Amino acid sequence: ADEWDDDDAGPSRCDPTEPKERGVFRALRKVYASFYNDNAFLERLRHGVDEATVGMAVLVHHSTPDEFELANGVATVRIWKGTQPGNRSLTARLVTQLGALSVANPEANARPEEVEASLWGEGSPYLDTIRSSSLVPLGDHVLGWENEYRELTTLLDKAARAYEAEFPDRASFLLDFEYKKTAPESRLQVKQIRELPQPPDTTIT
């Protein structure tokens, strides 16, 4: 609505609580400006990244209103590939929060659930609960146990294999995913995939 009202003045027609408009170009400007926030600059400096070799990108995907978000989470996926065909393993740490509550910055009484999923070759995922959520009854899980965790692991594996195909000579990957479970279909969706930097082999003092 803010893009179609023929002005750049607030308040926002999308969100009346916002004094400024919240159009798509405002969002793009904020994302690109974050390239030079303090944390981003210091991380590049710490890792010795040449500023001239760094670019910026924007991923645009469907937004899920909070009332439709049954669960959300982040997955850290580590992949090792051996020299023999089919000699591949995947280990995923699934950190899931009920509803639209933040996983990265939860409130003090909103502890997210942690589940580890392991997959060898073409087998079925092995699941292990590391830590239970404080928002579900004791012994219960945020997602359906075990079917939805197996389905989620399969989705992550499928996305990871597509990423791996871009780098056929590499033997290991550390990938970061975001995912959601949405109403009314109770649908699991993988929202993004990105590679995480791995620590160097040498010790740095």
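## A tour that starts at the largest pocket

Start with the largest pocket, which has a volume of about 1400 Å³. Here a pocket is an open set of points on a 1 Å grid over the protein atoms alone, where a 1.4 Å probe fits, with protein on both sides within 12 Å along at least five of seven lines. Grid points are joined across faces, edges and corners, and the volume is the space filled by probe spheres set on them.

Now select Val31, Met56, Ala57, Gln192 and Arg194: of the 40 residues lining this pocket, these are the closest to its centre. A lining residue has an atom within 4 Å of a point. Next, colour α1 (24-33), α2 (38-47), β1 (69-81), β5 (172-182) and β6 (187-195), the elements that each give two or more residues to the lining.

Before going on, please note that this is a predicted model, in which local features need pLDDT of at least 70 and side-chain atom pairs count only at pLDDT 80 or more, while totals for chains, interfaces and linings use all residues. Residues are numbered from 1 along each chain as its sequence is written, and side-chain values use heavy atoms, with hydrogens and water left out.

Zoom out and switch to a cartoon view. Helices (H or I, at least four residues) and strands (E, at least two) are DSSP runs, numbered from the N terminus. Along the principal axes, the C-alpha atoms fill a box of roughly 60 × 50 × 35 Å. Of the 205 residues, 31% count as buried, where buried means under 20% relative accessible area, exposed over 50% and partly exposed in between (1.4 Å probe, protein chains only).

Next stop: Thr64, in the loop between α2 and β1. Is Thr64 buried or exposed? Thr64 is buried, because its relative accessible area is 13%. Show its contacts (heavy atoms within 4.5 Å): beyond the neighbours within four places in sequence, Thr64 touches Glu69, Lys180, Thr182 and Lys191.

Finally, select Ser172 in strand β5. Ser172 counts as partly exposed because its relative accessibility is 29%. Apart from neighbours within four places in sequence, Ser172 is in contact with Ile79, Trp80 and Gln198. To end, draw a C-alpha to C-alpha line from Ser172 to Leu59: the two are 113 residues apart in sequence and 25 Å apart in space.
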